[in-house]
Amino acid sequence: MAINTASDQSLIALFGGTFDPIHFGHLRPVEQLAKETLLDQVILLPNNVPPHRPQPQASAQQRLKMAELAVEGNPLFSVDPRELAVDNPSYTLVTLETLRKEHGAQRPLAFIIGQDSLLSLHTWHRWEELLDFCHLLVMARPGYSERLDTPELQRWYDKHRVSTPAALKQRPCGVIYQANTPLLDISATQIRQRLREGKSCATLLPTAVERYIESQGLYLV
Ligand code: ATP
């Protein structure tokens, strides 16, 4: 693995999700993570959900729009619609391969996931190769175990984990950093249920997203 000698390498992080809808449980921990790890840019990647999986309630275009509204005017974030532009299900690894080519071999790239996603990482397509393309930044999530399910995943995690964020800018990929982000007990499932029940979600997601949901009549059933 190449070690960067330049200390001013900017660190770009990708954050994939269904975002059905995007909420403060996504945004607030990532903002904190950006301060903690000196992230320069976070690219939101709304996923295409494979046909055999439960489908999002909002359409791809609506999920994209909500992500855009959520980060409008916030220079830390941008939204990349590439996974929605293809008909195939999104494979994180394939997107990372493409992004690695676009950014070159030396640019530090990271992929952000919540603890629940870490627990199921060994079910992802070619998961053992993820660290060949990026670092992994893991955000704690209330209700999810710190212990990993399989000995194989635990060994892989222990082998690559670093305790300080400095390593993230010193090399382009290859390490796992467990972030000290705030625990926010918010999920899209909970938001969809509250909206179905006619309850307010004002403290759970940005106002612009809440207004858009209302204008589109989303999540009423
Ligand atoms: P759903 O409830 O529909 O399953 P979700 O709220 O988990 O959705 P996703 O779009 O599936 O949201 O999540 C995208 C990424 O954000 C995943 O890596 C997930 O682990 C992470 N994430 C979601 N909510 C939180 C949260 N409250 N704290 C930390 N990470 C989160």
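A residue is called buried when its relative accessible area is under 20%, exposed when it is over 50%, and partly exposed in between, using a 1.4 Å probe and protein chains only. By that rule, 49% of the 221 residues of the protein are buried.

This is a predicted model, in which local features need pLDDT of at least 70, side-chain atom pairs count only at pLDDT 80 or more, and totals for chains, interfaces and linings use all residues. Residues are numbered from 1 along each chain as its sequence is written, and side-chain values use heavy atoms, with hydrogens and water left out.

**Figure 1. The whole protein.** The protein has nine helices and seven strands. Its radius of gyration is 17 Å, close to the 17 Å that the globule rule gives for 221 residues, so the protein is as compact as a globular protein of that length. The radius is taken over C-alpha atoms, and the rule is 2.2 Å times the number of residues to the power 0.38. Helices (H or I, at least four residues) and strands (E, at least two) are DSSP runs, numbered from the N terminus. Along the principal axes, the C-alpha atoms fill a box of roughly 55 × 40 × 35 Å. Contact means heavy atoms within 4.5 Å. Among contacts with a separation of 6 or more, 78% join residues 24 or more positions apart.

Figure 2. The accessible surface comes to about 11,000 Å². Carbon and sulfur atoms hold 49% of that surface. The areas come from the Shrake-Rupley method with a 1.4 Å probe. There are 22 positive and 24 negative charges, and their mean positions are 2 Å apart. Lys and Arg count as positive, Asp and Glu as negative, while His and the chain ends are not counted. Each charge is placed at NZ of Lys, CZ of Arg, CG of Asp or CD of Glu.

**Figure 3. A buried histidine, His-135.** His-135 sits in strand β5, which covers residues 135-139. Its relative accessibility is 0%, so His-135 counts as buried. The His-135 side chain reaches the backbone nitrogen of Val-175 at 3.2 Å. This is a polar contact (a pair of N or O atoms within 3.5 Å; within protein, one must be able to donate a hydrogen and the other to accept it, and residues adjacent in sequence count only if both atoms are side-chain atoms). Beyond its neighbours within four places in sequence, His-135 is in contact with residues including Leu-11, Phe-111, Arg-171 and Cys-173.

Figure 4. Thr-150 lies in the loop between β5 and α6, a helix of residues 151-160. A polar atom of the Thr-150 side chain is 3.0 Å from the backbone nitrogen of Leu-153. Thr-150 and His-122 are 28 residues apart in sequence, with their C-alpha atoms 8.3 Å apart. Ser-187 lies in the loop between β7 (176-178) and α8 (188-196). Its relative accessible area is 18%, so Ser-187 is buried. Leaving out residues up to four places away in sequence, Ser-187 touches His-23 and Arg-141.

**Figure 5. Backbone geometry around helix α1.** Most residues other than glycine have a negative phi, and most peptide bonds are trans. The peptide bond from Asp-20 to Pro-21 is cis, with omega near 5°. Pro-21 belongs to the loop between β1 (12-17) and α1 (24-37). Phe-19 is also placed in the loop between β1 and α1. Phe-19 is not a glycine, yet its phi is positive, about 50°. At 2% relative accessibility, Phe-19 is buried. Leu-38 has a positive phi too, about 55°, and is not a glycine. Leu-38 lies in the loop between α1 and β2 (41-46). Its relative accessibility is 56%, so Leu-38 is exposed.

**Figure 6. Leu-33 in helix α1.** Helix α1 holds Leu-33. Leu-33 is buried, with a relative accessible area of 0%. Not counting residues up to four places away in sequence, Leu-33 touches Leu-38, Leu-39, Ile-112, Leu-137, Met-139, Ala-179 and Thr-181. Leu-33 and Val-86 are 53 residues apart in sequence and 30 Å apart in space, C-alpha to C-alpha.

**Figure 7. His-103 in helix α3.** Helix α3 covers residues 92-103 and includes His-103. The relative accessible area of His-103 is 29%, so His-103 is partly exposed. His-103 touches Ile-12 and Leu-109, leaving out residues up to four places away in sequence. His-103 and Leu-148 are 45 residues apart in sequence, and their C-alpha atoms are 31 Å apart.
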